[in-house]
Amino acid sequence: MAFATRSPNFSAGPAALPEPVLGQIKDELLNWRNTGASVMEVSHRSEVFIEMARQMERDLRDLLSIPENYKVLFLQGGGAMQFAQIPMNLAGPGQVADYVDTGHWASKAVSVAKQFVDVRVVAGVAATDQKVLPREKDWRISKSPAYLHYTANETIDGLEFHWVPEVDDSIPLVGDFSANILSGPLDVTRFGLIYAGAQKNIGPSGMTLVIVREDLFGRAHAYCPDILNYEVLAKSESMYNTPATFAWYASSLVFQWIKNEGGLEEMRRRSLRKQELLYRQIDSTGFYTNDVAASDRSYMNVPFRILEQRLEEVFLTVAAENGLLGLKGHRAKGGIRASIYNAVPEEAVQELVDYMVDFERRYG
Ligand SMILES: *Cc1c(COP(=O)(O)O)cnc(C)c1O
């Protein structure tokens, strides 16, 4: 395998972007929409930029069928900023907030929220051979929490909720969709708030998507600064200050790309095929292992090990030599991880599977 230009890219984030989007960026980089300047060099308040921003929001609303009573915000600070911004905005003094702790990112969300609100961890993932997500019937939900937070996809641990948790209507459900937003249809009406850093399944880093139900405005702590206040940010159409204009632009092209490719149903179909291909290979002989129960395996991030762990370094080195990018597991966990977001084509996953077969033949 040799890749003269672009290689199969399994990076967890910043991650692969659709090639047609990169092509369009390249084509119009020097002179965007006849402005005589690049998109990075024009005012975010200019008519041409605002028109692009409004179209971007319309496209996203179309894709996810976002109802009118939800505001769409394009912010900065990443998923991690939301760990703080959510409790600041949604939990009043003396309230508790419920968290489901399913792995690395949920735990981070818990530890940050503790700085702002009385956090109750209502369920976790037991440390057994096969990790299983806790089902709602086992969640010890508080009497009337300000909200209930869960991590829809654990990007490092490789777990994903393939359902939206059923909770009482009176409890705003908050979901961290940083890695799996737009990987398939999602019923936004079940949520109080959805958030996602862009750099996994949307666009370049620098932009964070927040979809928030309007009736949750007005609950922010007195010390929540305006620049972090969802209501203020919504009123200014996410332009309280200068937004990440290039990330907005690139993300707008990704939304259009998804629409052109057939929307979220099509993204889901592709994703189902890709994950099936990869997990089937992992499970085939016992040479490779994955520690998540089949029902709860992530379709976006596929962490795996080699039973004989000393071979992992060789696997990664030879993979890199063959032009397979971004396969090293997260530093907190080690091992191997393939992220197979929307922009990773099925052929790339097939290349990886071929490499796995070949590697096993040589070293197994
Ligand atoms: C990557 C990730 C984050 C952190 O995102 P940043 O944008 O780096 O702050 C949070 N939650 C999940 C589920 C993630 O995958």
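I started with helix H8 (residues 311–321) and helix H9 (residues 346–363), which pack at an angle of about 130° with axes 11 Å apart. The model is predicted: local features need pLDDT of at least 70, side-chain atom pairs count only at pLDDT 80 or more, and totals for chains, interfaces and linings use all residues. Residues are numbered from 1 along each chain as its sequence is written, and side-chain values use heavy atoms, with hydrogens and water left out.

I noted the conventions next. Helices (H or I, at least four residues) and strands (E, at least two) are DSSP runs, numbered from the N terminus. Axes are lines fitted to C-alpha atoms, for helices over the stretch in contact, and angles run from 0 to 180 degrees between N-to-C directions.

**Entry 1: H8 and H9**

H8 and H9 are therefore oblique to each other. Here, angles under 35 degrees count as roughly parallel, over 145 as roughly antiparallel, 65 to 115 as roughly perpendicular, and the rest as oblique. H8 passes H9 in a right-handed crossing. A crossing is right-handed if the near helix is turned clockwise from the far one by less than a right angle, and left-handed if anticlockwise.

I listed the contacts (heavy atoms within 4.5 Å). From H8 come Leu311, Val314, Phe315, Val318 and Ala319; from H9 come Tyr355, Met356, Phe359, Arg362 and Tyr363. By class, this contact has nine nonpolar, no polar and one charged residues. Ala, Val, Leu, Ile, Met, Phe, Trp, Tyr, Cys and Pro count as nonpolar, Asp, Glu, Lys and Arg as charged, and the others, Gly among them, as polar.

**Entry 2: H3 and H4**

I moved to helix H3 (residues 78–90) and helix H4 (residues 104–113). Their axes come within 8 Å and cross at roughly 45°. That makes H3 oblique to H4. The crossing of H3 with H4 is right-handed. Phe83, Ala84 and Pro87 in H3 touch Trp105, Lys108, Ala109, Val112 and Ala113 in H4. I get seven nonpolar, no polar and one charged residues for this contact.

**Entry 3: H1 and H6**

For helix H1 (residues 19–28) and helix H6 (residues 245–261), the axes come within 9 Å and cross at roughly 130°. That makes H1 oblique to H6. Their crossing is right-handed. H1 brings Pro20, Val21, Gln24, Ile25 and Glu28 against Phe246, Tyr249, Ala250, Leu253, Val254 and Trp257 of H6. The residues divide into nine nonpolar, one polar and one charged.

**Entry 4: the ligand**

Among the residues are Gly78, Phe83, Trp105, Thr151, Asn153, Ser178 and Lys200.

Then I took polar contacts (N or O pairs within 3.5 Å). A polar side-chain atom of Asp176 is 2.6 Å from a ligand nitrogen atom. A backbone N or O atom of Ala80 lies 2.8 Å from a ligand oxygen atom. For a polar backbone atom of Gly79, the distance to a ligand oxygen atom is 3.0 Å.

**Entry 5: backbone**

Most residues other than glycine have a negative phi, and most peptide bonds are trans. I found a cis peptide bond from Gly13 to Pro14, omega near -10°. Pro14 is in the segment before H1. Leu182 has a positive phi, near 65°. Leu182 lies in the loop between strand E7 (173–176) and strand E8 (193–197).

Key: A residue is near a molecule or strand if one of its heavy atoms lies within 4 Å of it. A polar contact is a pair of N or O atoms within 3.5 Å; within protein, one must be able to donate a hydrogen and the other to accept it, and residues adjacent in sequence count only if both atoms are side-chain atoms.
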